[in-house]
Amino acid sequence: MDKILDIKNLEKYYGEGTILTKAVDGVSMSVFQSEFVGIMGASGSGKTTLLNCISTIDSPTGGEVLLKGRDITKIPNRDLAKFRRENLGFVFQEYNLLDVLTVEENIGLSLVINKVNKDETARRVREVARVLGIDDILKKFPYEISGGQRQRCACGRAIIHKPSLVLADEPTGSLDSHSSRQLMVTLKELNENDHATILVVTHDPKTASYCKRVLFLKDGKIFNEIFRGEKTQMNFQLEIMDIVALLGGE
Ligand SMILES: Nc1ncnc2c1ncn2[C@@H]1O[C@H](COP(=O)(O)OP(=O)(O)OP(=O)(O)O)[C@@H](O)[C@H]1O
């Protein structure tokens, strides 16, 4: 399997002297093609900071973040937006959809920016929407659909350009349990059927239990790593909950 993401001794420090915070403190980890990985940890353990360094939103204090062999910490600022657009897909808790665009236009946005022609864009939007079960709301605006539908729309936007890596930060954070389940099943299917490589940050053991591997952060360091393997999802969730309890988190 190809290594998609290779993080070497990543550090992100805030402040200095007596108020120095080591938000990410020497993290090394890899994600392989078609993996579905969760990152968990108590509040303040460094999850979002780690994700922000991977997504080039934040620049690390030290270490390397290689995406398909390229050190993304060295990409000049002027090239970052293009790099993200072409290589990464984002799903955030707040959806980040544009209210002035329809669902169809939101999902197809990156293809339009990348100058993919109109017919091809429409075809790919329809295909993604069908997979996500939102093909009947393509003409609606984000404020006319439910939170779960908005999040699946955000998912569509994140995957339409077939990014090397999909990054999801608390994707179920603002969803009810039914919509959360639907979203995680969708991500799981994208991973299994389309071989999408997905990294999910979450504090929710149920959400994490859809992953094949879960890493736990504590004080900016990797504390533990577990694999689902042949376990049932429920047993995996219980194992995750045990570690969360050990970490003294939520
Ligand atoms: N911009 C910043 N300036 C200073 N300290 C920061 C900054 N951002 C994060 N931190 C600190 O870095 C540490 C890690 O924060 P981070 O947001 O990555 O944790 P988290 O695990 O995502 O937490 P949560 O689950 O609450 O979102 C915390 O101690 C936090 O206070």
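Analyst: By class, the shell around the ligand holds ten polar residues, two nonpolar ones and one charged one. The model in which this shell is described is a predicted one. In total, 13 residues surround the ligand, and the closest of them are Tyr14, Ala23, Ser43, Thr48 and Thr49. Two elements give two or more residues to the shell, namely strand E2 (21-32) and helix H1 (47-54). Of the elements, H1 gives the most, with three residues.

The loop that lies between H1 and strand E4 (62-67) contains Thr56. The backbone of Thr56 has a positive phi of about 65°, although Thr56 is not a glycine. Most residues other than glycine have a negative phi. Thr56 is also buried, because 20 other C-beta atoms lie within 10 Å, and 20 is the number from which a residue counts as buried. One residue that touches Thr56 is Ile75, which also touches Leu80 and Phe83, not counting residues up to four places away in sequence. Ile75 and Thr56 are 19 residues apart in sequence, while their C-alpha atoms are 8.8 Å apart in space. Ile75 is found in the loop between strand E5 (70-71) and helix H2 (77-87). With 16 other C-beta atoms within 10 Å, Ile75 is partly exposed.

The largest nonpolar core has 63 residues, and Val166 and Leu167 touch the most other members. Helix H5 (residues 147-159) supplies the largest share of this core, five residues. Leaving aside neighbours within four places in sequence, Leu167 is in contact with Leu51, Ile54, Ser55, Leu88, Gly89, Phe90 and Leu199. Val166, in turn, is one of the contacts of Val91, along with Ala154, Cys155, Ala158, Ala168 and Pro171, again leaving aside neighbours within four places in sequence. Val91 is found in strand E6 (residues 88-92). Val91 counts as buried because it has 25 C-beta neighbours inside 10 Å. Val91 and Glu225 are 134 residues apart in sequence, and the distance between their C-alpha atoms is 23 Å.

The buried residues of H6 are Ser180, Leu183, Met184, Thr186, Leu187, Leu190 and Asn191. Seen down the axis of H6, these buried residues fall within an arc of 150°, so they line one face of the helix. An α-helix has 3.6 residues a turn, so residues three or four places apart point the same way. On the other side of H6, the exposed residues are Ser177, His178, Val185, Glu192 and Asn193. The cover over the buried residues of H6 includes strand E3 (36-41), helix H4 (118-132), H5, strand E8 (198-201) and helix H7 (205-208). Just after H6, His195 takes a positive phi of about 60°.

Helix H8 (residues 233-247) can be examined in a similar manner. Its 15 residues should span 21 Å at 1.5 Å a residue, and the end C-alpha atoms are 21 Å apart, which agrees. Phe236, Ile240, Ile243 and Val244 are the buried residues of H8. Seen down the axis of H8, they fall within an arc of 105°, so they line one face of the helix. The face of H8 turned away from this buried side carries the exposed residues Met234, Asp242, Ala245 and Leu246. What covers the buried residues of H8 includes E3, H7, strand E9 (213-218) and strand E10 (221-227). E3 and H7 are also among the elements that cover the buried residues of H6. H8 is followed by Gly248, whose phi is positive, near 75°.

A further positive phi, of about 60°, belongs to Lys115, although Lys115 is not a glycine. Lys115 is found in the loop between helix H3 (103-113) and H4. With 7 C-beta neighbours inside 10 Å, Lys115 counts as exposed, whereas Thr56 is buried.

Definitions and conventions
Residues numbered from 1 in each chain as written. Predicted model: local features only at pLDDT ≥ 70, side-chain atom pairs only at ≥ 80, totals over all residues. Core = buried A, V, L, I, M, F, W, Y, C linked by C-beta atoms within 7 Å. Buried ≥ 20, exposed ≤ 12 C-beta atoms within 10 Å, placed from the backbone. Helix = DSSP H or I, 4+ residues; strand = E, 2+ residues; numbered from the N terminus. Contact = placed C-beta atoms within 7 Å. Near = placed C-beta within 6 Å. Nonpolar A, V, L, I, M, F, W, Y, C, P; charged D, E, K, R; others polar. Arc of directions from axis to C-beta. Expected span 1.5 Å × (residues − 1).
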